[in-house]
Amino acid sequence: MLGKNKLPPLEFTPRVFSRRELFTGFFRHTQPNRNQLRTENRPPFAAPEHLFQAACDGCGKCATACPKEVIDIRRQQAVLDLTFSACTLCGKCAESCPTQALHLSFKKDTELRPQFSSACLQTKGQPCGSCIQSCPQQAISPELTINHDLCNGCGECKQACFMDAVSLK
């Protein structure tokens, strides 16, 4: 039994929160890392990774809509796989996404960039240029430097390389 001027133990005293305190405290603990790097290769028009992971439910509508069949569903999320084909960046995946994890207002970019291995004929001084000629954005120079402002990560350069010397990272 409580005495005349004694308060109940703190753990039993309900605390009244203002709406601001409630939401500030809630979001302080759940605030995502807005600069989070991609955990997988994402299709073009993908939301930033923290939003994409929250929004994509793995329904597969983007994979079904993709005319090049370069989108797979792995671990309940859309993943871009440019192993056997390049992406045309047509936007059909974004148009079909019901959760807006892919949306036409996001960047028309896969964020993948080509890297050239030692098997590349151009690096050995032999004429080739198949990757340079196949790039629709003309983002690859004869010295094999990438103009990151022009490159959209479509993967055409990887598909054109008969030496398999181009990887996308």
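Me: Why is L144 called buried?
Reply: In this predicted model, L144 has a relative accessible area of 12%. Buried means under 20%, so L144 counts as buried.

Me: Where is L144 found, and what does L144 touch beyond residues up to four places away in sequence?
Reply: L144 is found in the loop between α5 (130–134) and α6. Leaving out residues up to four places away in sequence, L144 touches F116, C120, Q122, T123, C131 and I132. To be listed, a residue needs heavy atoms within 4.5 Å of those of L144. A C-alpha distance is another kind of value: for L144 and Q115, 29 residues apart in sequence, it is 8.9 Å.

Me: What makes S141 buried or exposed?
Reply: The relative accessible area of S141 is 17%. With the limit for buried at under 20%, S141 is therefore buried. S141 is found in the loop between α5 and α6, and its C-alpha lies 9.4 Å from that of G129, twelve residues apart in sequence.

Me: Why does H103 count as partly exposed?
Reply: H103 has 30% relative accessibility.

Me: Which residues is H103 in contact with, leaving aside its neighbours within four places in sequence?
Reply: H103, in the loop between α4 and β3 (114–116), is in contact with F45 and A94. The C-alpha atoms of H103 and K92, eleven residues apart along the chain, are separated by 9.7 Å.

Me: What makes S167 partly exposed?
Reply: S167 has a relative accessible area of 27%. S167 is found in strand β4.

Me: Which residues does S167 touch, not counting those up to four places away in sequence?
Reply: S167 touches R113, P114 and Q115. As for L82, 85 residues apart from S167 along the chain, the two C-alpha atoms are separated by 9.7 Å.

Me: What is noted about the phi of L89, and is L89 buried or exposed?
Reply: L89 has a positive phi of about 55 degrees although it is not a glycine. Most residues other than glycine have a negative phi. L89 lies in the loop between β2 and α4. Its relative accessibility is 6%; the limit for buried is under 20%, so L89 counts as buried.

Me: What phi does D164 have, and why does D164 count as exposed?
Reply: D164 has a positive phi of about 55 degrees and is not a glycine. D164 is found in the loop between α6 (156–160) and β4. Exposed means over 50%; D164 has 58% relative accessibility and therefore counts as exposed.

Me: How many residues has the largest nonpolar core, and which have the most contacts inside it?
Reply: The largest nonpolar core has 34 residues, and those with the most contacts inside it are F52, V70, I71, L82, L102 and I140. At least two residues of this core come from each of β2 (77–80), α4 (92–96) and β4 (166–168). In soluble globular proteins, nonpolar side chains tend to be buried together.

Me: What does I71 touch, not counting residues up to four places away in sequence?
Reply: I71 touches P43, C62, A63, C66, A78, V79, L80 and C93.

Me: How many residues line the largest pocket, and how do they divide?
Reply: About 160 Å³ of space lies in the largest pocket. Eleven residues line the largest pocket, and the closest to its centre are Q36, R38, P48, E49 and E111. The lining divides into five nonpolar, one polar and five charged residues.

Me: What secondary structure does the chain have, and in which order do the elements run?
Reply: The chain has six helices and four strands. From the N terminus on, the elements run α-α-α-β-β-α-β-α-α-β.

Key
Residues are numbered from 1 along each chain as its sequence is written. This is a predicted model: local features need pLDDT of at least 70, side-chain atom pairs count only at pLDDT 80 or more; totals for chains, interfaces and linings use all residues. Side-chain values use heavy atoms; hydrogens and water are left out. A nonpolar core is a set of buried Ala, Val, Leu, Ile, Met, Phe, Trp, Tyr and Cys residues joined through side-chain atoms within 4.5 Å. Buried means under 20% relative accessible area, exposed over 50%, partly exposed in between (1.4 Å probe, protein chains only). On a 1 Å grid over the protein atoms alone, a cavity is a set of points where a 1.4 Å probe fits but cannot get out, and a pocket is an open set with protein on both sides within 12 Å along at least five of seven lines; lining residues have an atom within 4 Å of a point. Grid points are joined across faces, edges and corners, and a volume is the space filled by probe spheres set on the points. Ala, Val, Leu, Ile, Met, Phe, Trp, Tyr, Cys and Pro count as nonpolar, Asp, Glu, Lys and Arg as charged, and the others, Gly among them, as polar.
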